Amino acid sequence: MLMEWSIDNCKRKANKVVQLVKHLKDCRKKAEAATAFGSYTVETKEDGIYSFWVINEDGTCQGGWSRTGNKLVHVERIVQGLEEGFAIKGAQVVMGELVNRTVSLEELGAMYKSSRKKPLTDGIATKAKKATAKNPGHEIGDRIHFDEIEAHQFTCLKIFDVVTLDEFNEGKSLTPYWQRRYNIIDGLTCDGWGNQIIFRSKVLSKGIHNLAVVNRIAEQVIELGEEGIVAKLENAGWVAGRKDHTSFKIVSGYDIDLECVGYEEGDAGTKREGMVNKLVFRWKAFEDKSNPDTFLAIDGCATDVMRREWLLNPEQILGTIFKIKGLCIGSQGSIRLAKFHEQRLDKSEPDL
C-alpha cells in the first residue's frame, strides 16, 4: 500500500520545505548581475495560499500541503481536478497558488488549514457565546458567516512549478525553470484546460535581460489593481529553502509577514475598552537582521468581535504570523503607515 507523503520524507525543517520568493529590493545587485548571462520570466503574483500537491506514479493525487508541510483539508475538489486534468509520466509534485476571488485570504486559509476539524459551513454558524460583563459584545443566537460551501466552488489552483517526487524529497532539481514551465503545459490534459479548477499561472513576458523592463511590467500590473509580479530566472533549477535572486517579487506598497508577540488593550472609557487595540510585532530597524529586536505596535483590519475574542483568548494571536502592509520603510527604520491585515494561517515562520 502506498504510504502518504509527510514532511519526514524530505527530512527538512518546516521553513525549508519549498523554494521561496525574495523581494527585489533585497537581491537587486545579484538579480542585475544575473541578467548578464540569463533572462527572467515574469508572472502575475497571485494573492492566494501557496500549496504543493503530490501526484503518484499512477496519476492519483495524495492531496495538498502548505509551504510548511502541513496537509490541507477539504481539498477533494482540487485533488479531483488534478487527477482529471494533469498527467506527466512518473510521480510528481505540482506547486501552485490556491486562489479564490470571492473571499479574503484569511477566510481562504481558514477553510483549508490543516488544523481545521469542522466541515465547511453553509453560512449559519453555531450558537454565539453569551454576553458577559467582560465580553458584552456577543449576542445570544446564531451568527451569520460567509457561505463556505458556496465559496469553495470558486477555489482554483494556479500552477507555477513542477518537479519529480524524488527531486522534491531530495530538495533539488537541476531542470531549469523554462523546462519545468513547459512540463506544466505538457502535463495539462484536455480536461485540465477546461475544468475551471486548475490553471497555469499567468506569464506576462519571457526572456527579459533588463530589470528596468521587469519594473515597468510590475508598475503596469499594480496600476490594474493586481498585487504585483514574480520574476523567475529561466535557467535556474529548483532548490528547497532557497530564497534569493533566482525568484523575486515586486508588490504594491510595502508588505512583510511578521510574528505577533504581544498586544495592547483598549483604554477604559474608549470605544475599544474590553478589546485588543493594537497588536505588537517583532521588528528590526530598516529590516536589517544585524540590528537588535525592536517592537512595533500596529493597528489594523479586525472586527470588534475578533478584538474581544483575542483579548479573552490571546493564544489565538500570540506567536502567529500576520501580513503587515505599509507605505515604505521610513527614515527612522520603521514601517510608515503600517497596518496588520490577514492572519497567515498557512505560515509558521515570519519574514524577519
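**Trp-5 and Phe-52, a buried pair of residues.** Both Trp-5 and Phe-52 are buried, a term that stands for a relative accessible area under 20%, while exposed stands for over 50% and partly exposed for values in between, with a 1.4 Å probe and protein chains only. The model is a predicted one, in which local features need a pLDDT of at least 70 and side-chain atom pairs a pLDDT of 80 or more, whereas totals for chains, interfaces and linings use all residues. Residues are numbered from 1 along each chain as its sequence is written, and side-chain values use heavy atoms, leaving out hydrogens and water. Rings of Phe, Tyr and Trp (for Trp, the six-membered ring) pair if their centres lie within 6.5 Å, and planes under 30 degrees apart count as stacked, over 60 as edge-to-face and the rest as tilted. Helices (H or I, at least four residues) and strands (E, at least two) are DSSP runs, numbered from the N terminus.

**The aromatic cluster around Trp-5 and the charge over Phe-168.** One aromatic cluster is formed by Trp-5, Phe-52, Trp-65, Phe-168 and Trp-238. Arg-12 lies over the face of Phe-168, at 5.5 Å from the ring centre; a charge sits over a ring if NZ of Lys or CZ of Arg is within 6 Å of the ring centre and within 35 degrees of the ring normal.

**Ser-66 and its surroundings.** Ser-66 is found in the loop between β4 (61-65) and α2 (76-85), and its relative accessibility is 4%, so Ser-66 counts as buried. Its side chain is joined to that of Thr-68 by a polar contact of 3.0 Å, meaning a pair of N or O atoms within 3.5 Å, where within protein one must be able to donate a hydrogen and the other to accept it, and residues adjacent in sequence count only if both atoms are side-chain atoms. Not counting residues up to four places away in sequence, Ser-66 touches Tyr-50, Phe-52, Leu-72 and Asp-346, where contact means heavy atoms within 4.5 Å.

**The mixed sheet that contains β1 and β14.** Five strands form an open sheet in the order β1-β14-β12-β2-β11, with mixed pairing. The strands at its edges are β1 and β11 (203-208), each of which pairs on one side only. Strands β1 and β14 run parallel and are joined by two bridges, and the bridge partner of His-23 is Lys-249 in β14. Helix α6 (residues 177-187) packs on this sheet, touching β2, β11 and β12 (228-233), with its direction at about 45° to that of β2. Helix α8 (residues 211-223) lies across β2, β11, β12 and β14 and runs at about 150° to β12. Two strands pair if DSSP finds at least two bridges between them, and axes are lines fitted to C-alpha atoms, for helices over the stretch in contact, with angles from 0 to 180 degrees between N-to-C directions.

Another view shows an open sheet of five strands in the order β17-β16-β15-β18-β19, with antiparallel pairing. Strands β17 (293-298) and β19 stand at the edges with a single partner strand each, so one side of each is left without a neighbour in the sheet. From one strand to the next, the twist averages 45°. β15 and β16 pair in the antiparallel sense over five bridges, and Cys-260 has Phe-281 in β16 as its bridge partner. Helix α9 packs on the sheet, touching β15, β16, β18 and β19, and its direction makes about 70° with that of β16. The buried residues of α9 (residues 304-312) are Arg-307, Arg-308, Glu-309, Trp-310 and Leu-311, and they pack against β15 (254-265), β16 (276-284), β18 (321-326) and β19 (339-343).

**Positive phi values at Phe-286 and Glu-287.** Most residues other than glycine have a negative phi. Phe-286, however, has a positive phi near 60°, and that of Glu-287 is also positive, near 55°. Phe-286 is found in the loop between β16 and β17, and Glu-287 has its place in the loop between β16 and β17 as well. With a relative accessible area of 47%, Phe-286 is partly exposed, whereas Glu-287, at 17% relative accessibility, counts as buried.
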